[in-house]
Amino acid sequence: MRLHLKIWRQAGPTAAGRLEDYTADDVSADMSFLEMLDVVNEGLVRQGRDAIAFDSDCREGICGTCSLVVNGIPHGPDRGTTVCQLHMRRFKDGNTITIEPWRAKAFPVIKDLVVDRSAFDRIIAAGGYVSVNCGGAPDGNTVLIPKDVSETAMDSAACIGCGACVAACKNASAHLFMSAKISHLALLPQGQVERHRRVLAMVEQADADGFGSCSNEGECEAVCPKEIPIANIARMTREYLRAMLIAGK
Ligand code: SF4
Ligand code: FES
């Protein structure tokens, strides 16, 4: 396949960015999207030009590092798929593909397609953990948890912190990400001790980092590669209201 690419190039955080045209030749249908970009970059390097900066690590849909908006959709056209798992068979010879970074005030561009997602780390550092000393690993059946509860908690724990939910949201809200973490911990016994402090601290940090509010339109759920449901946002709202009442706020 020969593909026409329009790729966001931006030299640095304060530089003006623009879409630049590239051609990708001899693209195999079996290549992943990121392998296609690797080949484009090899060509640029051979010509002595600056390679296109983009993030990736595991390339298996596990780490949440890859972060490209493909034809206007975070992670591209396939549902429940990270962009590193997207394959070129999804495209046709002659197609034009537009590739942009996550766009959100809280995720400033570092270079080209790489954004700074440390705002997510600050939200986790504010409360997305369990600091109770639980000792060594207990036997599986020591703490009894109903099957449906443990499965809902583990489904929430599937969030890989990629930030596609923020990129898809017109308000750049981090609610789906936060609600996945808050649900995971609030549903399990180990998360109870810090339950109320956690939700207040995480929401406060998200506000401080400039993430927007949620207007329940569901774009986040539609692009989430781990298909985290927005029902988690309703749970987070209940957690937040309960914590506010208990704190007397
Ligand atoms: S909720 Fe989904 S889209 Fe948002 S950070 Fe987690 S995995 Fe990524
Ligand atoms: S590179 Fe790890 S999820 Fe895509």
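# A tour from ring to ring

Start at phenylalanine 33, which is buried, with a relative accessible area of 0%. Buried means under 20% relative accessible area, exposed means over 50%, and partly exposed lies in between (1.4 Å probe, protein chains only).

This is a predicted model: local features need pLDDT of at least 70, side-chain atom pairs count only at pLDDT 80 or more, and totals for chains, interfaces and linings use all residues. Residues are numbered from 1 along each chain as its sequence is written, chains are lettered from A and ligands numbered from 1 in the order in which they are written, and side-chain values use heavy atoms, without hydrogens and water.

**Whole chain**

Zoom out. The C-alpha atoms fill a box of roughly 60 × 40 × 35 Å along the principal axes. Colour by secondary structure: the chain has 8 helices and 7 strands. These are DSSP runs, numbered from the N terminus: helices are H or I with at least four residues, strands are E with at least two. Of the 249 residues, 45% count as buried.

**Aromatic pairs**

Show the rings of Phe, Tyr and Trp (its six-membered ring). They pair if their centres lie within 6.5 Å; planes under 30 degrees apart are stacked, over 60 edge-to-face, the rest tilted. The count is 5 aromatic pairs. Select phenylalanine 33 with phenylalanine 91: this pair is tilted, at 5.8 Å centre to centre and 45° between the planes. Phenylalanine 33 lies in helix α1 (residues 33-46) and phenylalanine 91 in the loop between β4 (73-74) and β5 (96-101), so the pair ties together parts 58 residues apart in sequence. Phenylalanine 91 is buried, at 7% relative accessible area.

Next, select phenylalanine 107 and phenylalanine 120. Their pair is edge-to-face, 5.2 Å centre to centre with 75° between the planes. It links distant parts of the chain, 13 residues apart: phenylalanine 107 is in the loop between β5 and β6 (109-111), phenylalanine 120 in helix α2 (residues 118-127). Both are buried: phenylalanine 107 at 1%, phenylalanine 120 at 3%.

Now go to tryptophan 8. Arginine 103 lies over its face, 4.1 Å from the ring centre. A charge counts as over a ring if NZ of Lys or CZ of Arg is within 6 Å of the centre and within 35 degrees of the ring normal.

**Ligand 1**

Select ligand 1 and its surroundings. There are 13 residues around it, the closest being Cys159, Cys162, Gly163, Cys165 and Cys224; a residue is near if one of its heavy atoms lies within 4 Å. Helices α4 (164-168) and α5 (175-187) each supply at least two residues of this shell. By class, the shell has 11 nonpolar, 2 polar and no charged residues. Nonpolar here covers Ala, Val, Leu, Ile, Met, Phe, Trp, Tyr, Cys and Pro; charged covers Asp, Glu, Lys and Arg; the others, Gly among them, are polar.

**Backbone stops**

Most residues other than glycine have a negative phi. Asparagine 71 has a positive phi, near 50°. It sits in the loop between β3 (68-70) and β4, and is partly exposed at 41% relative accessibility. Alanine 172 also has a positive phi, near 50°. Find it in the loop between α4 and α5; it is buried, at 13%.

Finish in helix α1 at valine 40, buried at 9% relative accessibility. Draw a line from its C-alpha atom to that of phenylalanine 120: they are separated by 30 Å, and 80 residues apart along the chain.
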